[in-house]
Amino acid sequence: MSAKIAYYHQLIDAYDLLHKFEVAAFNGEDDVEEKDEREEMNPRTSWGAEAVSWIETYECVTSRSIDDDLAVKESKTPLMFSSFVKACSGCSNVVASSSTVGSSDNHDEKQTILLCDSTKDRTAVLTHIFRPLLKDIFVFKIVNSILDALGIRNEYDSLQKYFGEWFMTVPGKIAANVSLFGLWSPTVRWLQEIVTSTCDPKDFIATETGEQPICLETLYTFCSQAADLQRAFLLAVVCREAISVATKQLEEKTYGQISCEDAVKPWDILLRKLRVCMLVTLRLYGAPFGPLAVTVRNIEEENAFSIYEWIARDELSVSHKQDEVVALEAVCRSNRRTFCPSLPEGDDVARWKLLQKACRVKAAEGERISKFLMSDDVEQSGPLLLYFKHFNQPIMLVAHRALLLGGKWGQEVSCFLPARLLFCLNHSFHLRRLYHL
């Protein structure tokens with residue numbers, strides 16, 4: 001009975017902290033006006049600049065706002081106590097505090113009150129709990145006070161999961177403004193504390209395999225599984241910056257046992273993988289990708305996707321003429337503009353802007369293959385094949401083009417005979433090329 005009383009006391013204390021903040025915020029007492037001058041500033045890091053640019057590219061290509069598909073809309077009223085209790089009715093464990101160990105009095109026992117398993121109920125409450133992170137330095141620590149009242153301040157894996165779920169519901173412009181611009185970011189600062197608390201120098205001692213722990217590993221997994229690629233990239237940028245700042249301080253304190261360079265390396269690799277995912281999905285926007293969402297995790301699964309199919313589909317979107325496609329492949333093999341976006345060479349500002357230009361040009365007016373074949377301009381964007389040089393294999397690509405054309409041929413049952421004859425002719429050229437190879 002005393003445990004139940006303590007449980008509800010914790011809920012009341014946590015809700016009281018949240019409610020006081022929200023009442024003050026909605027009444028304008030603690031309202032921090034969005035700083036318009038941030039729009040005139042540059043992001044703190046080059047990764048941040050790329051994140052903002054990818055969001056703009058997405059909206060340009062799709063003609064939609066990145067916030068159109070947000071499942072949770074921002075609440076304009078304080079959270080009701082009943083909703084808060086409902087979301088906190090998940091797993092709860094009694095954990096004796098150090099002050100009560102060996103004592104018969106259990107009124108001071110602390111319970112770990114995790115949020116419920118229902119994603120819908122949990123996310124609706126997370127938008128309120130993490131709302132202070134959208135404010136400034138004077139109020140963001142309220143988040144930790146609420147989590148401490150719930151007894152989950154040290155449940156770092158759960159907190160990372162909650163943070164990721166909340167971040168994906170924040171409108172894109174707001175998330176970018178509070179995370180990437182200015183001298184100080186509440187979101188980065190909050191994550192820094194987790195990094196500092198979870199980094200153990202013993203874990204960073206080189207092993208025989210050379211493997212080291214990934215900082216903010218739960219969020220790393222979350223980003224690699226996220227289908228909202230632009231927000232996942234933005235979230236990964238925030239995590240990387242928090243890790244960079246925290247581990248630089250730890251590197252000095254541990255005399256190099258914890259290396260900042262090693263800590264951010266996995267996140268650099270993840271960001272480059274997300275860059276490739278965004279390039280493919282925006283370049284081929286509207287094309288069918290199959291039953292699975294294009295995510296880093298799904299692409300890494302064997303046989304989940306075919307990169308040759310992506311390139312072949314892109315080639316056919318540029319031209320159905322076999323001789324032009326063959327000429328395109330030959331130019332891409334020797335073109336000096338080629339680079340791999342999944343490698344550090346793709347981190348150059350001019351290069352990731354070139355990738356985004358390739359997506360925008362394709363969406364705006366299509367590409368003229370003759371313009372690309374005859375151009376030597378380093379700022380001229382090109383097809384996917386230009387950025388996947390290792391997949392420039394004519395036999396594999398012509399086979400996939402034949403399969404794609406064959407599939408489309410079968411779907412065009414109701415088209416007019418002249419159109420079908422032309423399509424059939426193009427199909428036969430690709431099959432003949434495959435036969436001679």
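## Terms and model

Contact here means heavy atoms within 4.5 Å, and helices (H or I, at least four residues) are DSSP runs numbered from the N terminus. The model is a predicted one, in which local features need pLDDT of at least 70 and side-chain atom pairs count only at pLDDT 80 or more, while totals for chains, interfaces and linings use all residues. Residues are numbered from 1 along each chain as its sequence is written, and side-chain values use heavy atoms, with hydrogens and water left out.

## Helix α2 and its partner

In α2, the residues Trp47, Glu50, Trp54, Thr57, Tyr58, Val61 and Thr62 meet Asp268, Leu271, Arg272, Arg275, Met278, Leu279 and Leu282 in α11. The residues of this contact divide into eight nonpolar, two polar and four charged, where Ala, Val, Leu, Ile, Met, Phe, Trp, Tyr, Cys and Pro count as nonpolar, Asp, Glu, Lys and Arg as charged, and the others, Gly among them, as polar.

Helix α2 (residues 46-62) and helix α11 (residues 260-283) pack at an angle of about 15 degrees, with their axes 11 Å apart; axes are lines fitted to C-alpha atoms, for helices over the stretch in contact, and angles run from 0 to 180 degrees between N-to-C directions. The two helices α2 and α11 are therefore roughly parallel to each other, a term for angles under 35 degrees.

## After the helices

Just after α2, Ser63 takes a positive phi of about 60 degrees. Pro288 lies in the loop between α11 and α12 (296-300), and it counts as exposed because its relative accessibility is 56%, exposed meaning over 50% relative accessible area (1.4 Å probe, protein chains only).

Key. Expected span 1.5 Å × (residues − 1). Parallel < 35°, antiparallel > 145°, perpendicular 65-115°, else oblique. Buried < 20%, exposed > 50% of the residue type's maximum accessible area, 1.4 Å probe, protein only.
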